[in-house]
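Hi everyone, thanks for coming. Let me put the structure up, and then we'll walk through a few things on it.

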Protein chains: 2
Amino acid sequence: MSRGFLLVLSGPSGTGKGTVSKALLNKRTDIVFSVSATTRRPRPGELNGENYYFVDEEKFCEMVNSKEFLEYAHVHSNYYGTPKEFVFDEIEKGEIVLLEIDVQGALQVKKNYKEAVFIFLLPPTMDELRNRIVKRGTETQEDINRRFENAFKELDFVGEYDFFVVNDKVEDAVKDIEAIIRSEKLRVKRHKDIKDRVLLQGGK
Amino acid sequence: MSRGFLLVLSGPSGTGKGTVSKALLNKRTDIVFSVSATTRRPRPGELNGENYYFVDEEKFCEMVNSKEFLEYAHVHSNYYGTPKEFVFDEIEKGEIVLLEIDVQGALQVKKNYKEAVFIFLLPPTMDELRNRIVKRGTETQEDINRRFENAFKELDFVGEYDFFVVNDKVEDAVKDIEAIIRSEKLRVKRHKDIKDRVLLQGGK
């Protein structure tokens, strides 16, 4: 039996983490989505327990105190956190768990759980990054500027990640991530019984 | 500009290293084959400079003394070695260099050059491994037995490798290796200028 792994898909705002995650999950039924807890308000169409666990600050602090998070962070005036239990249970079952998360969160996960596979999503150009942040249309001009500046700074953290994927066309980004998944499934270190498997299937 | 890498495709005799290498090279024009030097005699159809550099023992020892090998080994009464210069030149140019090599050789490469990507090719079963060694038909019964016993012992070294690929159907093994290649090309550590590339293509 092989263990699964945590796939951290991360990158600055506007790189298309959400779009790429959705496309990947639509294409692949063998990937489990890690649902984060957050104190931010749902955007139109977002569902509790599916997109996020929407919780109030009191509940969030309780969870922090009882160390229920793999990471948590305060970003754009809200708290976000990844409940540990779900992720570890699924990995033990052999599942691939996808965590879509901002850069700060990913760096914390890396501190706490190096065994995860870290992918940094890049915009094809800085102009395109700005376009995408503007197009989102749910932010004030001030928010847009702050997001763009943060995004620009956050590009410096690409060096902390295992892989980078340029999100020019979504389907190509998905194919890159699928290659990473196929490859990571073949990692020797995730399998304890490779020789035994060959022996059991054939006998000497 | 990104650096290429050395892809070490290895495994015991009879796992199909040669067949898989050929299928991979036929399919992909972007992979360069690392030609080893050897003192063993050419098999029918093998060409000097293409399959191997066929050299005599005197020449081989000269090359060992002047440290021209990434690895060399004495296997089945013959010497085999991988000339360094070719491999490093190609990697610097951004190429993927494929080295098809036995287990002892791969372990030496690992000692001298950890940056390589190490793939262990596995037979689907031990019975199938024996069949393949027998089918080769160029060996005595004694050679066959020795190869099989070596192969059995060498399976223990899978833990030293990065990836394992089961060679049941050649085309599936090739697809696994292609996924590993695509994934390794996206490794952050092989690229020094990721942020600059995004900036240069768009400007801030």
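Helices here are DSSP runs of H or I with at least four residues, strands are runs of E with at least two, and both are numbered from the N terminus. What you see is a predicted model, where local features need pLDDT of at least 70, side-chain atom pairs count only at pLDDT 80 or more, and totals for chains, interfaces and linings use all residues. Residues are numbered from 1 along each chain as written, chains are lettered from A and ligands numbered from 1 in written order, and side-chain values use heavy atoms, without hydrogens and water.

Okay, charge. On the surface, A:D56, A:E57, A:E58, A:E62, A:E68, A:E85 and A:D89 gather in a negative patch. For a patch like this, residues need over 30% relative accessible area and no salt bridge, and like charges are joined within 9 Å; a salt bridge puts a Lys or Arg side-chain nitrogen within 4 Å of an Asp or Glu carboxyl oxygen. Areas come from Shrake-Rupley with a 1.4 Å probe. Which helix gives the largest share of the patch? That's α2(A), with three residues. A:D56 sits in the loop between β4 (52-54) and α2 of chain A.

Now rings. Phe, Tyr and Trp (its six-membered ring) pair with centres within 6.5 Å; planes under 30 degrees apart are stacked, over 60 edge-to-face, the rest tilted. That gives 18 aromatic pairs over all chains. A:Y52 and A:F54 have ring centres 5.7 Å apart and planes at 55°, so they're tilted. Ring pairs also link A:F60, A:F69, A:Y72 and A:Y79 into a cluster.

Note on methods:
Patches are made of residues with over 30% relative accessible area and no salt bridge: like charges are joined within 9 Å, nonpolar side chains (Val, Leu, Ile, Met, Phe, Trp, Tyr) within 5 Å. Lys and Arg count as positive and Asp and Glu as negative; His and the chain ends are not counted. The place of a charge is taken as NZ of Lys, CZ of Arg, CG of Asp or CD of Glu.
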